[in-house]
Amino acid sequence: AEPAFAALLGTTLYDKSISRAKWFALVPVIGGVCVASAAELDYAPAALLGGLVANTFAAVKANENKKVMDTPGLKDRLGSVGNQFAITMILAWLLSLPLVLLERDELPGLVDLWQTDPSVS
């Protein structure tokens, strides 16, 4: 579903035009998600909301990265898409660090869970 979010956000917030072929290519993607989740009749609304939020932020990240890479000269300075991805991941980690530190009371329990529960580690 992430490509659909990227297309919708790209057209609404970033004024990008998307070809009809790309819109039609989304049909099997969305259809596949619908077929895969049709058997799951009892779902968790919190999980659905979490997926929607994650897809929305991933679409914003993709559109912002594209916008940044269109800056003249930046592509030459970064070198490759791999470098851009690494910088994005480092920035994401740095931006999430304050949230981790705010919840530091939960960290010892998380470490214990990581060490004792094989389904987590």
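Predicted model: local features only at pLDDT ≥ 70, side-chain atom pairs only at ≥ 80, totals over all residues.

I started with helix 3 against helix 5: Lys61, Asn65 and Met69 of helix 3 touch Gln84, Thr88 and Met89 of helix 5. Sorted by class, that contact holds 2 nonpolar, 3 polar and 1 charged residues.

I get an angle of about 125° between helix 3 and helix 5, and their axes are 12 Å apart.

While on helix 5, I checked its length. Helix 5 covers residues 81-102, 22 residues in total, and spans 33 Å from first C-alpha to last. At 1.5 Å a residue I'd expect 32 Å, so the two are close, going by the definition of expected span. Where does helix 5 bend? I find a bend of about 30° at Ser96, with a proline, Pro98, following within four residues.

Then back to helix 3 (residues 45-69), this time with helix 1 (residues 2-12). These two pack at about 55°, with axes 8 Å apart. That makes helix 1 oblique to helix 3. I logged this crossing as right-handed.

Which residues make that contact? From helix 1 I listed Glu2, Phe5, Ala6, Leu9 and Gly10; they meet Leu52, Asn55, Thr56, Ala58, Ala59, Val60 and Asn63 of helix 3. My class tally for the contact of helix 1 with helix 3 is 7 nonpolar, 4 polar and 1 charged.

Last pair: helix 1 and helix 2 (residues 20-38). Their axes come within 9 Å and cross at roughly 145°. On the helix 1 side I see Pro3, Ala4, Ala7, Leu8 and Thr11, and on the helix 2 side Trp23, Leu26 and Ile30. By class, the contact of helix 1 with helix 2 has 7 nonpolar, 1 polar and no charged residues.

Key
Residues numbered from 1 in each chain as written. Heavy atoms only, no water. Axes fitted to C-alpha atoms, helices over the stretch in contact; angles between N-to-C directions. Parallel < 35°, antiparallel > 145°, perpendicular 65-115°, else oblique. Left-handed = near helix turned anticlockwise from the far one by under 90°. Contact = heavy atoms within 4.5 Å. Nonpolar A, V, L, I, M, F, W, Y, C, P; charged D, E, K, R; others polar. Bend = angle between axes of the 7 residues up to and from the residue.
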